[in-house]
Amino acid sequence: MTASRLQADFIVAGATLIDGSGGPARQGDLAVLDGRIAAVGAFEHPAGAPVVDGRGRVLAPGFIDSHTHDDGYLLAHPDMLPKVSQGITTVVTGNCGISLAPLARAEIPQPLDLLGPAPLFRYGTFRAWTDALRDTPAAVNVVPLVGHTTLRVAVMEDTSRAADGGERAAMRELLEEALDAGAFGVSTGTFYPPASAAPTDEIIDVCAPLRGRPGVYATHLRDEADHIVPAMEEALLIGRELGCRVVFSHHKLAGERNHGRSRETLDLISRAAATQPVCLDCHPYPATSTMLRLDRARLASRTMITWSKGYPQATGRDFGEVMAELGLDDEAAIARLAPAGAIYFLMDPADVNRIFAHPLTMVGSDGLPFDPHPHPRQWGTFTNVLRTLVRERRLLSLEAAIHKMTGLAADQYGIAGRGRLREGYHADLVLFDPATVTDVATFSAPIQASHGIQAVWVNGKRVWDGERTGAERPGQVLAPGDALSRSE
Ligand SMILES: [Zn+2]
């Protein structure tokens with residue numbers, strides 16, 4: 001493109017460009033036209049185009065949150081404040097086996113309630129939900145997965161057993177519909193009751209429509225504690241059988257007796273990567289969060305209650321303190337609080353660092369957006385990485401961290417035309433101050449926007465100005481294989 005013909009809706013000038021490839025930062029400008037990157041680097045500015053001052057700031061591709069539970073939140077809170085305020089421009093939904101669709105049901109079992117209140121579950125087909133997102137778009141783009149647990153709950157009366165032939169066929173049909181409607185793959189969560197009775201062959205059987213398609217198989221493993229290795233081997237087998245990429249979700253080693261074993265599990269992932277496509281995601285905190293469960297509470301050094309229907313005054317408090325107040329042991333207290341959610345401090349920070357540093361690790365918040373007292377990861381994952389792992393501990397270079405948040409995730413999920421600062425790519429962009437950018441959300445005060453993210457654009461429209469969200473809702477439901485070729 002010659003300088004004289006360049007047009008732009010706006011230009012970010014004088015920024016440190018970190019392009020998402022993992023390559024070194026360079027100084028330069030970037031021009032945006034019609035939602036796409038029109039020029040990057042050094043070019044003559046077209047007359048009259050507004051200029052955003054990028055001096056002293058980093059301009060990077062918008063961050064891709066590789067692991068979310070935002071399926072319903074996108075519709076209920078389309079400004080997506082917790083996400084855009086930390087630089088996120090695309091969310092991968094439907095993880096851990098639980099997607100909002102396809103399921104229209106007045107009552108929903110745990111853990112589906114992690115996605116929000118039951119009235120959100122009103123989409124009997126996957127397309128009904130993606131259509132709703134297209135009719136009332138959110139501020140961020142969506143990469144949707146469909147959950148195997150959701151399919152089970154939609155099809156089976158009794159989820160405490162393996163699915164029979166007819167039920168498997170019915171689930172396959174729902175999956176086929178979801179893939180035709182644009183799902184990027186399937187997730188499973190055999191850790192959770194509605195899917196824990198599903199044997200390996202049921203998953204392979206149900207997921208057969210993935211064969212021959214570019215989708216991923218993302219899994220919350222059956223076991224993240226003592227029996228993690230067989231659980232990983234099961235996932236790798238399923239990936240090979242289906243011929244698709246395995247995404248190890250929120251990779252972790254739970255419980256003190258498993259601390260340090262990330263050496264073993266990462267070695268297994270590296271060896272597997274030599275023969276089949278695999279990757280993983282994680283967040284930077286040493287605590288996890290899900291429904292309140294006895295096994296998790298017993299593995300954790302500390303458990304905090306994030307919500308409770310049975311005993312709402314437990315919200316935000318230490319589980320040990322609540323047990324003492326009720327005069328109950330852990331099992332009886334869980335029964336009293338149920339249904340409930342919790343944060344569990346059960347990871348070793350050294351494992352978290354080691355997992356983060358692995359070259360196939362992407363960044364996924366795994367946040368639970370409707371929790372009254374959520375894990376701070378929903379509001380702070382990406383800025384926490386930039387503060388703690390890049391600036392304070394120097395575990396990762398800024399370029400490497402941004403690659404995990406952008407180009408790597410785009411490559412692993414097959415998100416075309418995003419994740420890099422490249423001419424012709426969609427203009428999902430984040431501008432921030434690398435010296436001051438920081439998370440603010442903490443375990444005691446988790447609902448707080450990050451500081452230091454100065455501007456965020458999605459498809460060329462500004463959705464965050466450093467203090468508040470914009471009026472625009474430019475997010476798109478992305479489709480697998482959405483090619484750049486339309487413009488190239
Ligand atoms: Zn999970």
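Mentor: Happy to! Contact here means heavy atoms within 4.5 Å, and do keep in mind that this is a predicted model.

Trainee: Which residues of α12 do Phe-319, Val-322, Met-323 and Leu-326 in α11 meet?

Mentor: Take the helices themselves to begin with: α11 covers residues 319-326 and α12 covers residues 330-337. The contact residues of the pair divide into seven nonpolar, no polar and two charged. On the α12 side, the partners are Asp-330, Ala-333, Ile-334, Arg-336 and Leu-337.

Trainee: How is α11 oriented relative to α12: roughly parallel or roughly perpendicular?

Mentor: The two axes come within 10 Å and cross at roughly 90°. Angles of 65 to 115 degrees count as roughly perpendicular. Therefore α11 is, relative to α12, roughly perpendicular.

Trainee: What are the protein donors of the zinc ion, and how are they spaced in sequence?

Mentor: Cys-96 (SG), His-220 (ND1) and His-250 (NE2) lie 1.9 to 2.3 Å from the zinc ion. Written as a sequence pattern, the spacing of these donor residues is C-x123-H-x29-H.

Trainee: How far apart in sequence are the parts that Cys-96 and His-250 tie together?

Mentor: Both Cys-96 and His-250 are buried. Cys-96 sits in the loop between β7 and β8, while His-250 sits in the loop between β14 and α9, so the pair ties together parts whose separation in sequence is 154 residues.

Trainee: Is Ala-106 buried or exposed?

Mentor: Ala-106 belongs to the loop between β8 and β9. Its relative accessible area is 67%, and the cut-off is over 50%. Ala-106 is therefore exposed.

How values were computed:
Residues are numbered from 1 along each chain as its sequence is written. This is a predicted model: local features need pLDDT of at least 70, side-chain atom pairs count only at pLDDT 80 or more; totals for chains, interfaces and linings use all residues. Side-chain values use heavy atoms; hydrogens and water are left out. Axes are lines fitted to C-alpha atoms, for helices over the stretch in contact, and angles run from 0 to 180 degrees between N-to-C directions. Helices (H or I, at least four residues) and strands (E, at least two) are DSSP runs, numbered from the N terminus. Angles under 35 degrees count as roughly parallel, over 145 as roughly antiparallel, 65 to 115 as roughly perpendicular and the rest as oblique. Ala, Val, Leu, Ile, Met, Phe, Trp, Tyr, Cys and Pro count as nonpolar, Asp, Glu, Lys and Arg as charged, and the others, Gly among them, as polar. Buried means under 20% relative accessible area, exposed over 50%, partly exposed in between (1.4 Å probe, protein chains only). Donors are N, O and S atoms within 2.8 Å of the metal (3.2 Å for Na, K and Ca); water is not among the atoms, so sites may look incomplete.
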